[in-house]
Amino acid sequence: MAAKKPNDPLLSTGAYTKFFLSALYDGAVLGLNFGLVWGCPARRVLLPLFAENLSQRHLDCGVGTGYFPANALNDGPARHGHRGQMTLLDLNPNCLDKARSAILTVAPQTQIQCVVADIRSPIPLSLQGSTFDSISMFNLYHCIPGGRSKLQAISAYKNLLSAEGVLTGSTILGAKHATGWFAPIYLRFYNCIGLFSNLEDTKEDVLNLLNSEFMEVETWLVGMVLLFRAKGPRR
């Protein structure tokens with residue numbers, strides 16, 4: 001087997017073992033890293049954006065542990081009674097299994113479809129022709145290699161949105177947006193070991209792409225994390 005290259009997405013996805021997802025991810029990644037290093041507390045900042053835009057026909061790309069949909073359903077008015085449809089897309093089957101279990105624990109009547117796919121590849125056949133009222137891409141792009149080209153996944157997946165649909169997401173930006181003294185060091189370390197691929201990622205690149213694909217775009221920069229919401233997909 002050929003050695004993995006630094007831009008191989010399996011370097012980052014391979015870190016998400018069943019043990020890591022169950023025992024460490026929510027606390028270490030979403031808790032400590034986002035709150036203390038990246039300056040954007042996940043529960044206080046990211047979760048409300050996800051919850052406010054969750055629809056009955058939702059596609060979640062890059063699911064992690066299912067923290068965002070599970071907590072949005074558990075804390076919201078649809079608790080235990082959610083009868084919507086949720087499609088989970090991720091390159092790592094461990095993430096899909098963990099997220100599916102987390103969602104069904106709090107909303108057992110949710111219809112869930114799991115899709116193993118690379119967000120940079122063409123839309124999977126199983127999703128072609130589907131329509132969603134909301135799509136989320138939280139904490140996804142900073143893990144994906146490809147520079148500006150990786151953002152073209154937004155151009156492709158926006159075509160799965162309904163006319164009134166909304167795309168939301170977040171991503172840790174690169175060295176240009178680093179804050180404090182520790183964050184730049186930590187950022188470069190994560191890039192060096194292949195967990196991140198975002199040293200050159202900028203707010204401007206994300207905003208330009210979103211504006212070219214949507215009629216209504218909102219962004220917020222919290223610490224080093226860019227949050228975005230986009231409506232009115234351009235056809």
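This note comments on the salt bridges and one surface patch of a predicted model.

1. A search of the whole structure finds 9 salt bridges.

2. R57 and D133 meet through their side chains in a salt bridge, with an N to O distance of 3.0 Å. R57 belongs to strand 1 (residues 57-61) and D133 to strand 4 (residues 132-138), so the pair ties together parts that are 76 residues apart in sequence. R57 is partly exposed at 33% relative accessible area, and D133 is likewise partly exposed, at 26%.

3. A salt bridge also joins E213 and K158, whose closest N and O atoms are 2.2 Å apart. This pair links distant parts of the chain, 55 residues apart: E213 is in helix 9 (residues 203-213), and K158 is in the loop between helix 7 (152-157) and strand 5 (161-172). E213 counts as buried because its relative accessibility is 14%, under the 20% limit. K158 is buried as well, with a relative accessible area of 7%.

4. In the salt bridge between K176 and E204, the N to O distance is 3.2 Å. K176 lies in the loop between strand 5 and helix 8, while E204 lies in helix 9, so the contact ties together parts that are 28 residues apart in sequence. K176 counts as exposed at 57% relative accessibility, whereas E204 is partly exposed at 35%.

5. E52, E218 and R229 are linked in a network of salt bridges.

Methods: Residues are numbered from 1 along each chain as its sequence is written. This is a predicted model: local features need pLDDT of at least 70, side-chain atom pairs count only at pLDDT 80 or more; totals for chains, interfaces and linings use all residues. Side-chain values use heavy atoms; hydrogens and water are left out. A salt bridge is a side-chain nitrogen of Lys or Arg within 4 Å of a carboxyl oxygen of Asp or Glu. Helices (H or I, at least four residues) and strands (E, at least two) are DSSP runs, numbered from the N terminus. Buried means under 20% relative accessible area, exposed over 50%, partly exposed in between (1.4 Å probe, protein chains only).
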